[in-house]
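My notes are below, in the order I made them.

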Amino acid sequence: MKKKIEESVATGRRKTAVASVRLRRGGNGKVDINHKSLEDYFPLPFQRDVATSPIVKVRPDGQYDLLIRVKGGGLQAQAEAVRLGVARALVIEDEVLRSELKKLGYLTRDPRKKERKKYGRAGARKSFQFSKR
């Protein structure tokens with residue numbers, strides 16, 4: 001019989017990036033993002049720091065494995081979507097962490113998105129060139 005793995009599943013979003021995070025208890029700190037390692041997927045150190053900051057701040061002992069699927073947006077938006085997903089998964093795992101993560105700002109969804117283009121305009125707000133004569 002196959003052993004059932006306990007995991008918490010959460011979603012994080014930022015602009016058009018969507019991250020699905022599976023937090024598995026009893027691991028050794030392995031992070032898998034779209035079948036790649038953390039270092040391969042996020043080449044810049046500050047992007048790696050952003051993505052893993054909730055787990056480093058509240059559970060630095062590395063007892064969780066992260067299995068992450070992320071798509072859309074750019075790398076920075078994806079890193080921030082992963083951060084929100086990891087924080088939400090930690091709260092599902094242990095409700096006591098909610099106040100600490102909220103105080104650090106990791107449970108706040110950034111609502112800013114690209115504004116849509118309007119008709120009669122060149123962009124969302126930009127007008128077409130005006131000619132007086």
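The entries start with confidence and then go through strands, core and serine.

**Ground rules.** I am reading a predicted model, in which local features need pLDDT of at least 70, side-chain atom pairs count only at pLDDT 80 or more, and totals for chains, interfaces and linings use all residues. Residues are numbered from 1 along each chain as its sequence is written, and side-chain values use heavy atoms, with hydrogens and water left out.

**Confidence.** I looked up pLDDT, the predictor's confidence in each residue, from 0 to 100. The protein chain averages 92, and 97% of the residues score at least 70. Confidence is highest in helix 3, at 95, and lowest in helix 2, at a mean of 92.

**Sheet.** I took helices (H or I, at least four residues) and strands (E, at least two) as DSSP runs numbered from the N terminus. Two strands pair if DSSP finds at least two bridges between them. I found an open sheet of five strands in the order 1-2-5-3-4, with mixed pairing. Its edge strands are strand 1 and strand 4 (36-37), each pairing on one side only.

**Pairs.** Strand 1 (residues 7-14) pairs with strand 2 in the antiparallel sense over eight bridges. I noted R13 opposite V18 in strand 2. Two residues lie between the strands of this hairpin, where K15 takes a positive phi near 55 degrees. Strand 2 and strand 5 are also antiparallel, over eight bridges, and V18 has K71 in strand 5 as bridge partner. Strand 3 and strand 5 pair in the parallel sense over three bridges; there I found D32 bridged to L67 in strand 5.

**Core.** A nonpolar core is a set of buried Ala, Val, Leu, Ile, Met, Phe, Trp, Tyr and Cys residues joined through side-chain atoms within 4.5 Å. The largest one has 31 residues, and I33, L66, L90 and L101 have the most contacts inside it. Elements giving two or more residues to this core include strand 2 (17-25), strand 5 (64-71) and helix 3 (75-93). Helix 3 gives the most, with nine residues.

**L101.** I counted contact as heavy atoms within 4.5 Å. Not counting residues up to four places away in sequence, L101 touches P54, V58, A87, L90, V91, Y106 and L107.

**S53.** Is S53 buried or exposed? Buried means under 20% relative accessible area, exposed over 50%, partly exposed in between (1.4 Å probe, protein chains only). S53 counts as buried because its relative accessible area is 9%. I placed S53 in helix 2 (residues 45-58). Leaving aside neighbours within four places in sequence, S53 is in contact with R83 and Y106.
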